Amino acid sequence: MFKKIFTFFLILIFLGLLAGIGYFIYLYNSTRFASEKIIYYNPPLSAKFYDRNGKLIAVKYKNENRFYVKYKDIPGRVIETLIATEDTSFFEHDGINFNAILRALIKDIKAGKKVEGASTITQQLVRNIYLNRKKTIQRKLKEMIISLKVEHFLTKEQILERYLNQIYLGHGYYGIATAAFGYFHKNLKDLSLKEIAMLIALPKGPSLFDPTRHYELNIKRANNILKRMYLLGWISPDEYKKAILERPKVYKKMLTNVAPYAVDTAIMRLLPKYPDLFTKGYNIYLTIDLPTQKLANKTIKWNQQRLLKLNPDLNASLLNGAMITINQQSGEVLALVGGTDYNLSKFNRVIQSKRSVGSAIKPFIYQIALNIGYNPASKIPDISRTFKIPSNTPDEDKYWKPKNYEKNTLGLITLREALVHSRNLATINLVMSMGLDTVLREMYNFGFDKLPNNLSIALGSVGINMWKFSELYTLFSNYGTESKVHIVKKIEIPKEDIVITTEPKYQYIEPDYQAYLMINILEDVVKKGTGRKAKVKDIEIAGKTGTTNDFRDAWFCGFTPNTQTLIWFGNDDSSSLGKRMSGGRVSAPAFAYFYKNLLTIHPELIRHFKIPKGVKTYVINGQKELFTIKSPPPKQKIYTPVF
């Protein structure tokens, strides 16, 4: 009988052992994916946006905000502080510290509750990456199995690198480098011992020990960590005393994005090509110059307030403005503002809005005239005309009778005078003289698209976004060669040591001497024409105002020898800005404000336009005028060449 009972128990033990082995094999196999996820660690990484000088201006991410830091770049003090706090024997165990487990178990039994943990750094890493925090025997067994696997395949340094990049430290910050910049606005290598301790205090309770909300609690735990390091002999008495007394400044926000529209523009242009933009860890260097960008932000705000005072009937919630400043030689965007307040409206009026450009289109029409043989002194009629707009019903025919802004006519005037004073009737007559088909063909050659097939083109009834219009204006500012406007300078993928640079692109349109004729005329627009309010002392400026019907849009498109700036103001619902609210009155003063201040930021700006070879001077009617081989002096007048 006893033998039978003994045999029965042996069978039970054997079956239990077999079941245990089977269960262990099941758990081992079920952790394969988790182990590989840790061994081949590839977490989502934030995209960082820098200005042209390497100043961080924005961080974008999908789900987890993480700056990755390699082990070799982690300061030794960070490693020491972590190990002293979480796992003093980290370099001695194989992923599981059985002595610590036994010690914690005894303390828990004595206290009658859980008072001490025994998880190693490896186990915490496993828990953070894969397992939930639900306290079950199965989860704990899985955690131990995965930890043993991880310790087998990875070095201690690799485990620490993964841990310090994975831990959540509050405020959406994943990883020690992210938290260092988020809380202290410092790189990891620049942290003090106290700041390191404040970060290492967080994993135990990111919300409880949040230094932006519970500063004193965080400081208390950090001081306990420092005391532990001192008792271990890992820091000297002087280091301990200094760190205990330190009270670091903590920031609630990682940074303030001063170029939100510029960053959005870059994202819109990059996402189609880089769908993993927010998870790959790209370092994106924009062409933006931060001081210039800040001034552009200020300029748009300043002008909005000025306009609200100038016309009290304007609605502050509707009135908006935008501007783009570029280096016309390279096409690099130096500043971009898509609206008066990004917090109120993220709609980017530089790239997402198409507004009529009004008289700002006239330089292109006059350039066509110069290119086919007109001279700045050529005479064109500034006389009124009435145009019949046929209808299917004869009795319903309509008539279009365009007018000059000044409501007068001047008869025969020079091409220069017509553009300097933005004479509508003279421009319409010039288009008719050249032929609408010729004008449209050449405008398309310049890069315009979807133009109206009628004379309204002379008055700028063309909807275009500011980005494209800025690109087209480099035809003048870059002496006949259009630059491809771009906002991304280079892209780095640090984990793969890859750098992608952008090369400037150009389209040659016409000789530099031909474009200079227009530059010279546009200088007169600023000196004595519709753009007088854009004038700035000690620097040559060329530009053109633009005003649309009923004063709905107000433009100033101007440039200096090595910068170009387009400014637009209008109401978002396209209602009128008010009587006499023209481009010269609305946007030209903003241009002047911007450049007066820009010269103090960048005094190295080139002040004078160069005169290309091929531009010559003659005297006509007692006035000096320019001519080129393609734009000779008018034949009907006697002129005297000037050498």
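Helices (H or I, at least four residues) and strands (E, at least two) are DSSP runs, numbered from the N terminus. With that in hand, welcome to this protein, which has 21 helices and 23 strands. This is a predicted model, where local features need pLDDT of at least 70 and side-chain atom pairs count only at pLDDT 80 or more, while totals for chains, interfaces and linings use all residues. Residues are numbered from 1 along each chain as its sequence is written, and side-chain values use heavy atoms, with hydrogens and water left out.

**The protein as a whole**

- Of the 643 residues in the protein, 53% are buried; buried means under 20% relative accessible area, exposed over 50%, and partly exposed in between (1.4 Å probe, protein chains only).
- Take the contacts (heavy atoms within 4.5 Å) between residues at least 6 apart in sequence: 69% of them join residues at least 24 apart.
- The protein exposes about 31,200 Å², and carbon and sulfur atoms supply 55% of this area. Accessible areas come from the Shrake-Rupley method with a 1.4 Å probe, and for residues only the protein chains shown count as cover.

**Helix 3 and helix 7**

- Helix 3 (residues 76-86) packs against helix 7 (residues 156-166) at an angle of about 85°, and their axes are 12 Å apart. Here axes are lines fitted to C-alpha atoms, for helices over the stretch in contact, and angles run from 0 to 180 degrees between N-to-C directions.
- Helix 3 and helix 7 are therefore roughly perpendicular to each other. Angles of 65 to 115 degrees count as roughly perpendicular, under 35 as roughly parallel, over 145 as roughly antiparallel and the rest as oblique.
- On the helix 3 side, Val 78, Ile 79, Leu 82 and Glu 86 meet Leu 160, Tyr 163 and Leu 164 of helix 7.
- The residues of this contact of helix 3 with helix 7 divide into six nonpolar, no polar and one charged. In this count Ala, Val, Leu, Ile, Met, Phe, Trp, Tyr, Cys and Pro are nonpolar, Asp, Glu, Lys and Arg are charged, and the others, Gly among them, are polar.

**Helix 9, a covered helix**

- Helix 9 is mostly covered, with eight of its eight residues buried.
- Its cover includes helix 3, helix 8 (176-184), helix 10 (215-232) and helix 11 (237-245).
- Leu 193 belongs to helix 9 (residues 193-200) and is buried, with a relative accessible area of 14%.
- Beyond its neighbours within four places in sequence, Leu 193 is in contact with Arg 77, Thr 81, Leu 226, Met 229, Ile 235, Glu 239 and Ala 243.
- The C-alpha atoms of Leu 193 and Tyr 240 are separated by 8.9 Å, and these residues are 47 apart along the chain.

- Helix 5 is largely enclosed by the rest of the structure, because eight of its nine residues are buried. Among the buried ones are Ile 121, Leu 125 and Ile 129.
- Gln 123 sits in helix 5 (residues 121-129) and is buried, with a relative accessible area of 1%. A polar atom of the Gln 123 side chain lies 2.9 Å from the backbone nitrogen of Thr 120.
- Ile 39 is found in helix 2 (residues 32-39) and counts as buried at 14% relative accessibility.
- Not counting residues up to four places away in sequence, Ile 39 touches Phe 153, Leu 154 and Arg 162.

**Strand 22 and Glu 625**

- Glu 625 lies in strand 22 and counts as buried at 7% relative accessibility.
- The side chains of Glu 625 and Arg 416 are joined by a polar contact of 2.7 Å. A polar contact is a pair of N or O atoms within 3.5 Å; within protein, one must be able to donate a hydrogen and the other to accept it, and residues adjacent in sequence count only if both atoms are side-chain atoms.
- Leaving aside neighbours within four places in sequence, the contacts of Glu 625 include Asn 375, Pro 376, Ala 377 and Tyr 618.

**Two loop residues with positive phi**

- Most residues other than glycine have a negative phi.
- His 185 has a positive phi, near 55°. His 185 lies in the loop between helix 8 and helix 9 and is partly exposed, with a relative accessible area of 32%.
- Asn 621 also has a positive phi, of about 55°, although it is not a glycine. Asn 621 is in the loop between strand 21 (616-620) and strand 22 (623-627), and counts as exposed at 57% relative accessibility.
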